[in-house]
Amino acid sequence: MRLQYALAAILAIGEACADVEIIGWLYQFYISEKKDQVFAGLKKNQKITAENIPAATQLFTPHWIVRYLVENSLGRLWLLNRPGSRLAERMDYYIAPEEPETDFLKITRPEDIRICDPAAGSGHMLTYAFDLLYAIYEEEGYDPTEIPSLILTHNLTGVEIDDRAGALAAFALAMKAAARLGRRRFLRMEAKPDICVLQNVAFTPAEMQDVAAVVGKDLFTDELRETLGQFEQAKNFGSLIVPKLRDPAETLRVVAARDFGSDLLLKEVQDRIVAVLRMAEALSPKYHVVVANPPYAGAKGLNPALKSWLEDKYPTSKADLMTCFMDRATILTRKNSFWGMINLPSWLFLSSFYELRKYLLVKSTISSLLQLGRGIFGADFGAVAFVVRTSRSTDGEKGYFRRLFDKHVEVRNPDAIEARFLDKSDGVYWADPIDFTNIPGAPIAYWVSETVRGLFNAEPSLGDKLEAKQGVATADSGRFLRQWWEPDSTNCMLDASSQDQVEVSGSKWVSYNKGGEFRRWYGNQEFVVNWENSGEELYAFRPKSVIRNPDYYFRRSVSWSDVTSGGSAFRLYPKGFIFDSTGHSAFCTSAYSENQVLCFANTKIAQDLFNIINPTIHLHVGYFKSLPALKIPDEDARRIATKCVAFACSDWNAYETSWDFTTLPLLSEGHRCETLADSYATLRGHWQSMTDEVQALEEENNRIFIDAYGLQDELAPEVPIEEITLTCNPAYSIGGDKSDEDREKALLARTMAEFLSYAVGCMFGRYSLDAPGLILANQGERLEDYLARLAERGIPEPRFMPDADNVIPVLDGDWFADDITERFRLFLRVTFGEAHFRENLRYVEEALGKDIRKYFTKDFYADHVKRYKKRPIYWMFSSPRGRSTR
């Protein structure tokens, strides 16, 4: 059925079929159903078997990427050997070197050039190489009727594991020749495309005697014996096989020439030996140019045989097939030759590819590299195309780098990416690749200036100055973690100084740092973890759970979230916390204080350095420790950090979801006025003042660091208002694409909703207008307990009495004198007086956009569930028809 679709597509595109590259698109479509099945199996932990590797890894390369790769490898090699050539005029994607090159691989004539695609697929790379070679031969004055045969005979080799793809590649090259020669000459041409489709070939120990008889004693060496055994899983290991035999071509010539007449047994053995030697010859290190779009497949999804083999043969690149092909390309080519690929950008930065990068940078030279962003292969994970010369760069030799995207998350079509490439002023960088080795982890950080790279040598690393640790992985958050308001408060210890203190208290729940949202200086303190009997249940859950670095639990720290999609943000955590594997923590010493850590880590400089060594969304401990420990004067660090932490702490504790919440800021002495409107205006002014001051402090912090390390030309100190991480700052907490006016309306509505939430808390006795903090917080506590606790604080009679039975009707009509709406009206009178009651009530309703009763019946509980992260304190019970709720 799929073949019928493919044939129908051929008929539909008509004249477009004159472009043989269309074959690749059709084949990708043809195998897409099988690919879907393979990827569905991966989700069920089914590994990619040898027969499914082609379907799982087949991706057709856009033509302009093919042109870039071929023109900057084959084209560049030819221009080095023929400086007067006009070939560059037809190479729209060619990148000329910044300085003339003198050390290059010498080519005497076009027939000498050997080009290979070790993952040929349907032959797209080879067909464009054919076109470019044709222009080279033509420029050299060869007879046009001989050129196609010369190219197929001398220049092009493709290696493939998929029989159908290999046949299509051969067909595509044949059609290229036919287009140049015409039908009659083409049919008379003897040359055939050199597409080597790898096959599994095995010899039993008993057959080795026959092998010796076929090849002769002189040729039956240990190298040959080992080579004959290398292709038993050729369909699985593919072009990654490196033949042990150094000169298979000569052995092939001798063996193929032998005549065994009527000895059918030896003839069959001879055929298999010849098959192996032809494959070995195709995979020999003889090529001047290698170009490929290799298979992409992480080691976790590979079949055990292939995974184990890669671990043995490709130890520095074993994490993915594509990086193994990078290793293979360096072996497949001659010294001073070129190889080019397109693959995923993970190898540019991730620590798992550090050894591969280091080898590549020290032994070879990145001639050019295009970081393409997302969209080349659809909604992918990004792509990178690059060309490498297999010799070390000379001193000061710079490679050409392009960044063809603005945001990592942006997905565009290949044509849009191509348009950016053709704009030669867009995202261009020249850099000496060897300089990347001066950065920890040797990331391919081409955009980094020499000044910024020098920072890594300016000071010792953070890892030399402090301890940074990864914490607990519970493996079951629902079982071991709670929001702090869920357990009985008498069974929680939120400020423990040590494990011993927890044990003496008998508490089950202790504070837990789980990372959290983008927030600087202070905050994200909302979880507790089951640490009863020193974490007995969590330890018993091993090996699923992982308990790391317990000696650092309960210590004061500077912490950050593992996931940093919104940027990195560092916060102070007081004593009392166990920390999670997503809440990494640094423990400071006198050599580098927490003030210095907070100030440096929250600068633009630090963010840029993080992006250099790890431009992903995960900021692991190792990356943090590799940063230089940049410093400013201690008095500046102390002043800035202390103030910023104080503001952020005040902001965090101003909301009832903080365990250190005392009272609603709207009702506090410094902000409360005669009317609710005036009180809000005063509070809003205070919030704006806080926001402005934190913004000024962060910009001053940036400026001090920038000036101290001479980065005035690299960075500006300004901090966008959206990055001032105070909840009272609507640009941060409301944000989005809203206008300032809409943000202000949303902030007012949110504040009035918080006012109503606090009022309900007072109705239930959770809070009191007469005393700070929690009053009743545990199941089973009653009105008598509330009154007793106020009495202990010297308050004989509260101004606002909680509900006696802890059940508050929520009704859509005035049916009960103590329903939630009437109780709120009483609360409003108590807090702001009778004189302005109507005015205040109108202000609340206008801010919410509806009357109080409608808000309580329609919106209040949804807001409550959202505010308390789907772990509500109050519960709503409804009659069957929903007419009355409590």
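Trainee: Is aspartate 435 buried, exposed or partly exposed, and what is its relative accessibility?

Mentor: Happy to start there, with the reminder that this is a predicted model, in which local features need pLDDT of at least 70, side-chain atom pairs count only at pLDDT 80 or more, and totals for chains, interfaces and linings use all residues. Residues are numbered from 1 along each chain as its sequence is written, and side-chain values use heavy atoms, with hydrogens and water left out. Buried means under 20% relative accessible area, exposed over 50%, and partly exposed in between (1.4 Å probe, protein chains only). Aspartate 435 therefore counts as partly exposed, at 22%.

Trainee: Which residue forms a salt bridge with aspartate 435?

Mentor: A salt bridge is a side-chain nitrogen of Lys or Arg within 4 Å of a carboxyl oxygen of Asp or Glu. Here the closest N and O atoms are 3.3 Å apart, and the partner of aspartate 435 is arginine 453.

Trainee: How many residues apart in sequence are the parts that this pair ties together?

Mentor: Helices (H or I, at least four residues) and strands (E, at least two) are DSSP runs, numbered from the N terminus. Arginine 453 is buried, at 10% relative accessible area. Arginine 453 belongs to helix α20 (residues 450–458) and aspartate 435 to the loop between β9 and α20, so the parts tied together are 18 residues apart.

Trainee: What is the sequence separation for the salt bridge of glutamate 723 with arginine 520?

Mentor: The closest N and O atoms of glutamate 723 and arginine 520 are 3.7 Å apart. Glutamate 723 is in the loop between α29 (676–708) and α30 (730–733), while arginine 520 is in the loop between β13 (509–513) and β14 (527–530); these distant parts of the chain are 203 residues apart.

Trainee: Which helix holds both glutamate 355 and lysine 358?

Mentor: Their side chains meet in a salt bridge (3.6 Å, N to O). Glutamate 355 is partly exposed at 39%, and lysine 358 is partly exposed at 32%. The two residues are three apart, about one turn of the helix, and that helix is α18 (residues 354–363).

Trainee: Why is the pair of tyrosine 855 and phenylalanine 860 assigned its class, and what is that class?

Mentor: Rings of Phe, Tyr and Trp (its six-membered ring) pair if their centres lie within 6.5 Å; planes under 30 degrees apart count as stacked, over 60 as edge-to-face and the rest as tilted. Tyrosine 855 is buried at 3%, and phenylalanine 860 is buried at 5%. The ring centres of tyrosine 855 and phenylalanine 860 are 6.5 Å apart with planes at 75°, so the class is edge-to-face.

Trainee: The charged end of which residue sits over the ring of phenylalanine 832?

Mentor: A charge sits over a ring if NZ of Lys or CZ of Arg is within 6 Å of the ring centre and within 35 degrees of the ring normal. Phe832 is also part of one aromatic cluster that includes Tyr855 and Phe860. The charged end lies 5.5 Å from the ring centre of phenylalanine 832 and belongs to arginine 672.
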